[in-house]
Amino acid sequence: QVQLVESGGGSVQAGGSLRLSCAASGYAVGSYYMGWFRQAPGKEREGVAFISSGGSWTYYADSVKGRFTVSRDNAKNTTYLQMNTLKPENTDKYYCATTRVLYGYGSGWYFAQEKYDYWGQGKQVTVSS
């Protein structure tokens, strides 16, 4: 049974840092791409970061570029989202998700939520000013 379990997150003041982890089980982790998404209440979920199955290339939403870093350790079946210089507008619930197939290249594909097969439960990140 495929499972994605998120940890980390929490509350921090603006300018601070947090790290989210996504532990995967039940499938060949190293063969899957991983995406991170965020969603605020009443808003649509949107893509934040994407990492290839082997971890050699990444992609970021413009709003987090230079501040967030996605990485993965396939030996530990875990993907990370390091969030630095956090801003109040980064307050959201963050989700990791995984897909075995990459249908194309570019943000339209990396953040195509309907293409992701499995999702974590989400983790709240709150940034206060």
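This is a predicted model: local features need pLDDT of at least 70, side-chain atom pairs count only at pLDDT 80 or more; totals for chains, interfaces and linings use all residues.
Trainee: Where does Gln121 lie?

Mentor: Gln121 sits in the loop between β10 (118-119) and β11. Strands here are DSSP runs (E, at least two residues), and helices are runs of H or I of at least four residues, numbered from the N terminus. Its C-alpha is 9.7 Å from that of Ser7, although the two are 114 residues apart in sequence.

Trainee: And is Gln121 buried, exposed or partly exposed?

Mentor: Gln121 is partly exposed, at a relative accessible area of 40%. The scale calls a residue buried under 20% relative accessible area, exposed over 50% and partly exposed in between (1.4 Å probe, protein chains only).

Trainee: Changing topic, how many disulfides does the search of the whole structure find?

Mentor: The search finds one disulfide, defined as a pair of cysteine sulfur atoms within 2.5 Å. It joins Cys22 to Cys96, with an S to S distance of 2.1 Å. Cys22 lies in strand β3 and Cys96 in strand β9, so the pair ties together parts that are 74 residues apart in sequence.

Trainee: Why is the disulfide called right-handed?

Mentor: The disulfide is right-handed because the torsion about the S-S bond of Cys22 and Cys96 is about 65 degrees.

Trainee: What surrounds Cys96?

Mentor: Beyond four places in sequence, Cys96 touches Leu4, Glu6, Cys22, Met34, Gly35, Trp36, Tyr118, Trp119 and Gly120.

Trainee: How many residues does the largest nonpolar core have?

Mentor: The largest nonpolar core has 34 residues. Such a core is a set of buried Ala, Val, Leu, Ile, Met, Phe, Trp, Tyr and Cys residues joined through side-chain atoms within 4.5 Å. Trp36, Val48, Phe68, Leu81, Met83 and Tyr94 have the most contacts inside it. Elements giving two or more residues to this core include β3 (18-25), β4 (33-39) and β9 (92-99).

Trainee: What is Val48 in contact with?

Mentor: Leaving aside neighbours within four places in sequence, the contacts of Val48 include Trp36, Tyr59, Phe68, Leu81, Tyr94 and Phe111.

Trainee: Which residues other than glycine have a positive phi?

Mentor: Among them are Asn77, with a phi of about 55 degrees, and Thr85, with a phi of about 45 degrees. Most residues other than glycine have a negative phi. Asn77 is in the loop between β7 and β8 and is partly exposed at 31%. Thr85 is in the loop between β8 and β9 and is partly exposed at 44%.

Definitions and conventions. Residues are numbered from 1 along each chain as its sequence is written. Side-chain values use heavy atoms; hydrogens and water are left out. Contact means heavy atoms within 4.5 Å.
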